[in-house]
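Me: I am new to this structure and would like to go through it step by step. Could you take my questions one at a time and show how each answer is reached?

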Amino acid sequence: MQLSYWELQYFLNNSDLLVIGSGIVGLNAALAFKQKYPKSNVVIIERGVLPAGASTKNAGFACFGSVSELVDDLSKTDEELVWDTVELRFKGLKRLKSIVGEKSMDYKPLGGFEVFDKEEEFENCVAHVSDFNKRAKTITKLNETYKVNKKKIFTSGFSGFNHCIENVAEGQINTGLMMRSLISLVQSKGVLILNNLSVLKIKDSGNAVHLVLADGTEVSTKRVIVATNGFAKELLKIKDVVPARAQVIITDPIPNLKIKGSFHYQQGYYYFRNIDDRVLFGGGRNLDFKTEETSELGLTKVIQDSLEDILENKILPKQKYKIAHRWSGIMGVGSEKKPIIKHVSPNVVCAVRMGGMGVAIGSLVGEMAVKELLEG
């Protein structure tokens with residue numbers, strides 16, 4: 001594709017801020033910059049027709065931490081860092097709701113539910129509930145954020161899941177509505193979003209940032225925020241962020257579907273919910289971490305077979321249904337789950353590594369990226 005003089009001068013060049021990536025982080029970064037500088041020229045460029053990573057491909061969980069996930073995190077990471085990240089997620093969800101509006105993303109506070117099929121794992125998690133509630137109270141202001149909910153197993157019609165721990169402060173959203181609402185809001189502020197444009201190189205000369213697009217075209221801007229999450233290494237030399245593919249299936253509508261709420265299984269590596277009377281079920285990358293450490297969208301037999309098996313035998317036992325659609329998305333993960341927000345050069349900031357929690361933290365991360373760009 002060869003861009004014209006008009007396209008370069010009036011669409012791409014001479015912007016005050018150019019954001020790479022039109023997902024939740026990139027959109028919120030553009031919005032935050034526009035709110036601070038209403039007359040500024042802000043451009044977002046996106047490699048895909050729609051956000052190419054996970055923002056339009058996620059399961060729509062408004063979650064901030066199941067018990068087994070936190071237990072696992074605490075075995076690897078400093079305790080204060082873990083809870084700081086939980087607080088960031090919780091505040092990020094509140095921020096997203098305030099920006100988009102609960103109705104505009106069909107937010108439903110139905111709770112988050114972690115299901116177990118192994119007694120030892122469940123008992124280990126229950127042993128942490130009291131301490132976790134004390135820590136969570138400073139964040140959620142609730143006396144009991146986490147509680148055992150045995151009834152949920154029976155009312156949902158599961159088979160093979162024996163126990164359940166509920167997070168009463170979690171909920172779910174409609175991802176498609178949320179992103180359409182957020183995109184419309186950003187565009188209403190005068191932000192230009194350009195799709196199907198890939199950036200190959202970024203060079204900060206000190207008084208401007210020069211970018212080389214996939215077709216070799218060079219454009220320039222005053223400042224750049226890189227909000228490409230799992231694709232970050234393709235542009236920047238960042239050590240601790242790698243792509244992580246998430247595979248998803250969804251069923252046809254199921255009459256009288258009993259499942260209500262957002263469910264986690266096996267430390268959150270599997271997750272499922274009801275959307276439009278369908279079961280949306282994703283995860284399984286823990287079966288093959290190495291293969292799923294990729295920025296290529298796609299499906300694999302080992303994970304698809306696992307999703308189908310669990311769906312048939314545990315989630316929808318003795319029920320008739322058909323799988324209607326399959327897809328994948330790309331997350332950004334690392335040794336820690338706290339996002340990376342930092343200068344990589346005087347006029348370039350990265351805001352990446354959402355750790356699979358982009359819905360929860362994306363809004364705040366976008367705002368924090370602008371603050372880092374202007375003040376850091």
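Predicted model: local features only at pLDDT ≥ 70, side-chain atom pairs only at ≥ 80, totals over all residues.

Me: Are α4 and α5 roughly parallel or oblique to each other?
Reply: Their axes cross at roughly 45 degrees, while the term roughly parallel is kept for angles under 35 degrees. The range that counts as roughly perpendicular runs from 65 to 115 degrees, and the crossing of α4 past α5 is a right-handed one. The two helices α4 and α5 are therefore described as oblique.

Me: How far apart are the axes of helix α3 and α4, and which residues of α4 make the contact?
Reply: Helix α3, residues 67-76, packs against α4 at an angle of about 140 degrees, with 8 Å between the axes. The crossing is right-handed, and α3 and α4 are therefore oblique to each other. From α3 the contact takes E69, L70, D73 and L74, and from α4 it takes E79, V82, W83, V86 and R89.

Me: Is R89 buried or exposed?
Reply: R89 is found in helix α4, and apart from neighbours within four places in sequence it is in contact with F64, G65, E69, K337, M357, A360 and I361. Its relative accessibility is 2%, and the limit for this class is under 20%. R89 therefore counts as buried.

Me: In which helix is I361 found?
Reply: Not counting residues up to four places away in sequence, I361 touches L88, R89, P339 and M354. At 1% relative accessibility I361 counts as buried. The helix that holds I361, made of residues 358-375, is α10.

Me: How many residues does the largest nonpolar core have?
Reply: In soluble globular proteins, nonpolar side chains tend to be buried together. In this model, the residues with the most contacts inside the largest such core are I44, Y146, I165, M178 and I225. Helix α4, residues 79-100, supplies the largest share of this core with nine residues. The core as a whole has 73 residues.

Me: How many residues are in the second, separate core?
Reply: Among the members of this second core are V43, V219, V241 and V348. It is separate, and its number of residues is 25.

Me: How far apart in space are V42 and S15?
Reply: V42 lies in strand β2, residues 42-45, and counts as buried at 0% relative accessibility. Leaving out residues up to four places away in sequence, V42 touches L17, A30, F33, K34, G190, V191 and L192. V42 and S15 are 27 residues apart in sequence, and from C-alpha to C-alpha their separation in space is 5.9 Å.

Notes:
Residues numbered from 1 in each chain as written. Heavy atoms only, no water. Core = buried A, V, L, I, M, F, W, Y, C linked by side-chain atoms within 4.5 Å. Buried < 20%, exposed > 50% of the residue type's maximum accessible area, 1.4 Å probe, protein only. Helix = DSSP H or I, 4+ residues; strand = E, 2+ residues; numbered from the N terminus. Axes fitted to C-alpha atoms, helices over the stretch in contact; angles between N-to-C directions. Parallel < 35°, antiparallel > 145°, perpendicular 65-115°, else oblique. Left-handed = near helix turned anticlockwise from the far one by under 90°. Contact = heavy atoms within 4.5 Å.
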